[in-house]
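Subject: Structure handover

Hello,

Here is the structure for you to look over. My notes follow below it.

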Amino acid sequence: MEALLAISISLLAGLLLSRLAKLAKLPAVTAYLVAGILIGPYCLGKFGVKGIGFTNMEEIEALSIFCDVALGFIAFSIGNEFRLSQLKKIGKQATIIGIFQAVFTTLLVDAFLISLHFARPDKLPLEAAIVLGAIASATAPAATLMVVKQYKAKGPVTDVLLPVVALDDAVGLVLFAISFGVAKAVGAGAIDVTSILLEPVLEVVLSLALGALMGFLFHFCEQFFHSRSKRLSVSIAFVFMTIALSMLEFKIGNVHVAFSSLLVCMMLGTVFCNICDFSEELMDRVDRWTAPLFILFFVLSGAELELSVFADGLIILIGVAYIASRSLGKYTGAFLSAKIAKADDNIVKYLGITLLPQAGVALGMAMKAQALGPELGLLISNITLFAVLIYEIFGPMMTKMALLRAGDIN
């Protein structure tokens with residue numbers, strides 16, 4: 001009963017606050033995160049009355065399975081952006097920009113935060129600095145697409161922006177898998193070629209292979225059903241199964257073998273949408289089914305925000321350093337790569353600004369970082385949530401401004 005009550009309160013709180021956010025012309029994801037904070041242990045939960053909020057972190061952790069499932073569906077939907085028909089239209093420019101700016105941002109944020117680590121190692125562990133650098137590469141497709149659709153943006157910047165955002169998250173997932181493997185090796189004190197190079201590469205390759213296998217099996221099973229409801233049910237079952245299989249871990253000799261559920265589910269979606277004739281309609285139906293799940297994910301993410309962390313000025317400094325270095329990395333990376341690709345002048349000037357929003361994928365990466373340990377996971381998730389709140393309030397506004405100046409919005 002308590003779990004069902006918590007789920008219903010979370011959904012209603014997110015939905016009701018999203019109406020206020022709409023009046024303020026803010027994205028819905030911001031409302032969901034704020035709703036989570038309000039019903040979390042540091043606001044309504046402080047009254048200790050079950051039914052109006054989460055009274056402690058254990059109650060939130062009891063619903064963590066919903067977050068794992070939501071992350072799987074987020075990655076699955078990203079895979080839908082990699083249809084071969086669309087990839088042919090992306091062209092050389094979008095590919096160069098998408099990869100270069102993501103890698104550049106990760107390296108720049110890593111440089112900033114590792115410098116902070118050496119200044120105050122007691123406040124910012126090296127593992128957290130490395131993982132935050134990878135998280136910085138991710139962009140929020142939902143926030144960006146919302147602005148494009150709302151204002152019917154059309155032009156050279158928009159044409160490059162949409163494929164770059166899709167490619168950005170895929171590159172970010174690979175960067176995160178590698179950085180996460182390096183961070184685990186540093187934390188374990190086993191800094192060798194196997195732990196730093198072999199295990200992360202194995203994780204990426206095996207995750208893509210598992211996702212591809214599940215994608216082919218998914219398509220094979222779908223052919224035995226013809227009604228929309230049954231095909232939708234099979235789709236959900238396969239995403240659930242893929243998430244479960246991606247949680248497997250085992251050892252082969254001294255090599256630790258694990259999978260990235262984000263990469264596995266992304267590959268599942270990519271393979272399925274490229275070999276199934278009716279995948280576009282089916283993926284659209286899955287997106288509609290997962291709407292409440294995503295709301296719950298963002299609300300729970302907000303509820304997990306440990307507000308006491310921000311009583312420490314140095315933690316706020318880390319958050320500001322992360323936001324500043326990521327913003328500089330996104331803009332400079334897009335500027336330089338657009339120059340290299342000989343893109344239109346408006347793309348060179350304004351594309352970087354449109355890549356600032358950050359939400360779902362970054363939060364998903366932060367959730368995965370919990371595996372580094374409770375203290376490190378808490379630090380990473382709080383800095384990421386702090387950045388997401390700032391980016392989701394100002395990011396869409398800046399995207400609109402950039403597209404206006406580029407002439408893509410009339």
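Helices (H or I, at least four residues) and strands (E, at least two) are DSSP runs, numbered from the N terminus. Leu17, for example, lies in helix 1 (residues 2–23).

Two points on the source. This is a predicted model, in which local features need pLDDT of at least 70 and side-chain atom pairs count only at pLDDT 80 or more, while totals for chains, interfaces and linings use all residues. Residues are numbered from 1 along each chain as its sequence is written, and side-chain values use heavy atoms, with hydrogens and water left out.

Overall build

The protein has 17 helices and 2 strands. Its radius of gyration is 21 Å, close to the 22 Å that the globule rule gives for 410 residues, so the protein is as compact as a globular protein of that length. (That radius is taken over C-alpha atoms; the globule rule is 2.2 Å times the number of residues to the power 0.38.) The C-alpha trace spans about 55 × 55 × 50 Å along its principal axes.

Of the 410 residues, 54% count as buried. Buried means under 20% relative accessible area, exposed over 50%, and partly exposed in between (1.4 Å probe, protein chains only). Contact means heavy atoms within 4.5 Å. Take the contacts between residues at least 6 apart in sequence: 79% of them join residues at least 24 apart.

The cores

In soluble globular proteins, nonpolar side chains tend to be buried together. A nonpolar core here is a set of buried Ala, Val, Leu, Ile, Met, Phe, Trp, Tyr and Cys residues joined through side-chain atoms within 4.5 Å. The largest has 101 residues. Leu113, Val131, Ile135, Phe297, Tyr322 and Ile380 touch the most other members. Leu113 touches Leu124, Ala129, Leu132, Ile318, Ala321 and Tyr322, not counting residues up to four places away in sequence. A second, separate core holds 22 residues, including Val148, Val157, Ala343 and Ala402.

The cavities

The rule runs on a 1 Å grid over the protein atoms alone: a cavity is a set of points where a 1.4 Å probe fits but cannot get out, and lining residues have an atom within 4 Å of a point. Grid points are joined across faces, edges and corners, and a volume is the space filled by probe spheres set on the points. There are 3 cavities of 30 Å³ or more.

Which residues line the largest cavity? They are Ser301, Glu304, Leu363, Ala366, Met367, Ser381 and Leu385. By type, the lining divides into 4 nonpolar, 2 polar and 1 charged. (Ala, Val, Leu, Ile, Met, Phe, Trp, Tyr, Cys and Pro count as nonpolar, Asp, Glu, Lys and Arg as charged, and the others, Gly among them, as polar.) Helix 16 (360–368) and helix 17 (374–406) each supply at least two residues. Helix 16 gives the most, with 3.

Ser301 sits in helix 13 (residues 291–303). Ser301 is buried, at 2% relative accessible area. Beyond four places in sequence, Ser301 touches Leu33, Leu363 and Leu385.

Leaving aside neighbours within four places in sequence, Leu17 is in contact with Ala31, Val34, Ala35 and Leu38.

Ile393, in helix 17, has its C-alpha atom 9.7 Å from that of Ala31, although they are 362 residues apart along the chain. Ile393 touches Leu26 and Thr30, not counting residues up to four places away. Ile393 is partly exposed, with a relative accessible area of 28%.

Exposed positions

Most residues other than glycine have a negative phi. Lys342 has a positive phi of about 55° although it is not a glycine. Lys342 is in the loop between helix 14 (313–340) and helix 15 (345–354), and is exposed at 72%.

Ala371 lies in the loop between helix 16 and helix 17. Ala371 counts as exposed, at 61% relative accessibility. Ala371 and Val348 are 23 residues apart in sequence and 39 Å apart in space, C-alpha to C-alpha.

Asn410 is in the segment after helix 17. At 93% relative accessibility, Asn410 is exposed. From Asn410 to Lys152 is 8.6 Å, C-alpha to C-alpha, across 258 residues of sequence.

Best wishes

Conventions
1 Å grid on protein atoms, 1.4 Å probe; cavity = no way out; pocket = protein on both sides within 12 Å on 5 of 7 lines; lining within 4 Å.
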